[in-house]
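Dear colleague,

I am passing on a structure to you, with some notes to read beside it. Please open it first and keep it in view while you go through what follows.

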Amino acid sequence: MSLSGKYSFGVLLAFVLLALVMLYAFPVVSFFTGIKGFSAYSFFLSRIILWIILIIILLYSFFIEKGPFLLKKEKEYPAAFYGKAVSCLYLICVAGAAFLNFLLHIVAHEETSDKLIQFSSVLKNNYFLIIFTCFTAGIMEELLMRGYIQPRLEKIYNSPLTGIIGSALLFGILHSTYGTIGQVMVTSFIGIIFAMFYKLYSNIKVLILCHFLIDFISLMIMNFIDFKHLSVF
């Protein structure tokens, strides 16, 4: 198999595994543990499965592709850059998400995702699980979607635009399991912003920090005032 073929299979493998987790993580946890219903413990175990997927893709890149997991060499910047970059990305993503949700509310009268409400009820006042969830999403999703998938799509099609749009669309599609158009549109928008940043600055750490911050603030707001439709984890 050519290197391009290995990249293609790796992208497909990463996406399929993530999709399977989004769709079937809780039934699988229930089958192997006997835990019935939706609980904090089953939610925690579902996040552990995401770490296992990251390990699988890491092993695939090392042993099958026989190359680095991150095709783009990580660039380092002064400390002030990280603060400015995270702040700007956060404001752009939150403002864009709020605008998209407002439009959907006006045009489609879309209800809040039942799955998101269920998640927020399990995370209520469980600060360890909130932090672990945000930590998992920030690291796992950024390493896989931006660090792994985006540059490989760019290499396969010899097109930076394909890497940006393709990774963003896959990111949005994965969140379609929440059952709302808003989740797909907002995460696709954030995916485009993050992918453009990664293409320009080649720094995954900023994206991990920003992703963590978006989810953490969203979940803390939902935790204290029961505000809905914010989280993108």
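Predicted model: local features only at pLDDT ≥ 70, side-chain atom pairs only at ≥ 80, totals over all residues.

Among the elements of the chain, helix H5, which covers residues 127-157, has the highest mean pLDDT, at 97, while helix H4, residues 114-123, has the lowest, at 79. One stretch asks for particular care when you read it: over residues 228-233 the pLDDT is below 50, and the model gives this stretch 37 contacts beyond near neighbours in sequence.

Helix H5 also holds arginine 152. Is this arginine 152 buried or exposed? Its relative accessibility is 0%, so arginine 152 counts as buried. The side chain of arginine 152 reaches the backbone oxygen of phenylalanine 69 at a distance of 3.0 Å. Leaving aside residues up to four places away in sequence, arginine 152 touches several others, among them Tyr7, Val11, Ser61, Glu65 and Gly147.

In one of the pairs, the side chains of glutamate 74 and lysine 205 meet at 3.2 Å, counted from N to O. Glutamate 74 lies in the loop between helix H2 (40-63) and helix H3 (79-107), whereas lysine 205 lies in helix H8 (residues 204-225), so the pair ties together parts that are 131 residues apart in sequence. Lysine 205 also forms a salt bridge with glutamate 76, where the closest N and O atoms are 3.0 Å apart. This pair, too, links distant parts of the chain, with glutamate 76 in the loop between H2 and H3 and lysine 205 in helix H8, 129 residues apart. As for how open these residues are, glutamate 74 is partly exposed at a relative accessible area of 22%, lysine 205 is partly exposed at 32%, and glutamate 76 is exposed at 56%.

On the surface you will also find a nonpolar patch, formed by Leu12, Val16, Leu20, Leu23, Tyr24, Val28, Phe31 and Phe32, which together have about 850 Å² of accessible area. One of its members, valine 16, lies in helix H1 (residues 3-33) and is partly exposed, with a relative accessible area of 36%.

Finally, a word on backbone angles. Most residues other than glycine have a negative phi. Which value does phi take at lysine 66? The phi of lysine 66 is near 55°, a positive value in a residue other than glycine; lysine 66 lies in the loop between H2 and H3 and, at 65% relative accessibility, counts as exposed. Asparagine 125 likewise has a positive phi, near 60°, and this residue is found in the loop between H4 and H5, where asparagine 125 is partly exposed with a relative accessible area of 47%.

With best wishes

Definitions and conventions: Residues numbered from 1 in each chain as written. Heavy atoms only, no water. pLDDT = per-residue confidence, 0-100. Helix = DSSP H or I, 4+ residues; strand = E, 2+ residues; numbered from the N terminus. Contact = heavy atoms within 4.5 Å. Buried < 20%, exposed > 50% of the residue type's maximum accessible area, 1.4 Å probe, protein only. Polar contact = N/O pair within 3.5 Å; in protein donor to acceptor, adjacent residues only side chain to side chain. Patch = residues over 30% accessible without salt bridge, like charges linked within 9 Å, V, L, I, M, F, W, Y side chains within 5 Å. Areas by Shrake-Rupley, 256 points an atom, 1.4 Å probe, with all protein chains shown as cover. Salt bridge = Lys/Arg side-chain N within 4 Å of Asp/Glu carboxyl O.
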